[in-house]
Amino acid sequence: MIQSEKVHLLTISSIFAAIIFLFTAYFFHIPFATGYIHFGDTLVFLAAALLPKPYAIGAAVVGMGLSDLMTAPIWVLPTVLIKTLVVLSFSSKTEKIVCSRNMIGVVCAYFVNVAGYFVFTGILYQDWLFPIVRLYTDLIPPFICGILFIAIGKVLDRTRLKEKFFTGRG
């Protein structure tokens with residue numbers, strides 16, 4: 001990979017990390033049950049569908065990790081691990097953002113999020129009843145983010161964003 005491509009990908013990854021952080025910690029929160037729904041996961045999915053894996057993982061880990069560091073530090077390590085697995089569910093090597101591989105990625109990301117936070121809630125609180133009781137609060141947000149990813153991805157596919165900015169970089 002030539003130097004200008006690396007700079008291009010690092011720049012886009014940094015922008016993704018910043019907007020993931022902002023949309024997770026501060027912007028467009030929808031009050032829900034024990035907390036709120038944020039759109040950070042939607043942006044993680046987009047980063048994973050656009051950027052090569054190491055760059056997408058970096059954007060997700062930095063954005064979500066900083067958000068947790070600022071708002072709920074106990075969740076930093078679980079979030080870093082879970083979001084790394086989420087990114088691995090997607091592929092940036094396809095021509096479109098919304099493709100069969102990334103639709104499967106949305107489903108995998110849903111289950112990784114739900115199962116990951118279920119397990120880490122049990123570990124952190126040393127109580128396995130609590131994750132069961134609050135399971136309904138972990139089921140809805142990743143579902144909404146997956147639907148939003150598909151909608152935004154389809155719009156971006158119509159603009160041929162991937163072809164214009166990421167050709168040969170998958």
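Let me begin with a question: does K83 count as buried or exposed? At 2% relative accessibility, K83 counts as buried, where buried means under 20% relative accessible area, exposed means over 50%, and partly exposed lies in between, with a 1.4 Å probe and protein chains only.

Before I go on, please keep in mind that this is a predicted model, in which local features need pLDDT of at least 70 and side-chain atom pairs count only at pLDDT 80 or more, while totals for chains, interfaces and linings use all residues. Residues are numbered from 1 along each chain as its sequence is written, and side-chain values use heavy atoms, with hydrogens and water left out.

Now to the partner of K83, which forms a salt bridge with D41, the closest N and O atoms being 2.6 Å apart; a salt bridge here is a side-chain nitrogen of Lys or Arg within 4 Å of a carboxyl oxygen of Asp or Glu. K83 lies in helix α4 (residues 76-88) and D41 in helix α2 (residues 40-50), so this pair ties together parts that are 42 residues apart in sequence. Helices are DSSP runs of H or I with at least four residues, strands are runs of E with at least two, and both are numbered from the N terminus. D41 is also buried, with a relative accessible area of 7%.

The count comes to 3 salt bridges. Another of them joins the side chains of D138 and R134 at 2.8 Å, N to O, and D138 is buried at 12% relative accessible area. R160 and E163 also meet through their side chains, at 3.2 Å from N to O; R160 is partly exposed at 46%, and E163 is partly exposed at 47%.

Turning to the helix pair, α1 (3-25) packs with α3 (residues 53-71) at an angle of about 30°, their axes being 8 Å apart. Axes are lines fitted to C-alpha atoms, for helices over the stretch in contact, and angles run from 0 to 180 degrees between N-to-C directions. The two helices, α1 and α3, are therefore roughly parallel to each other, a term for angles under 35 degrees.

Finally, F27 is found in the loop between α1 and β1 (30-32), and F27 is partly exposed, with a relative accessible area of 39%.

How values were computed
Parallel < 35°, antiparallel > 145°, perpendicular 65-115°, else oblique.
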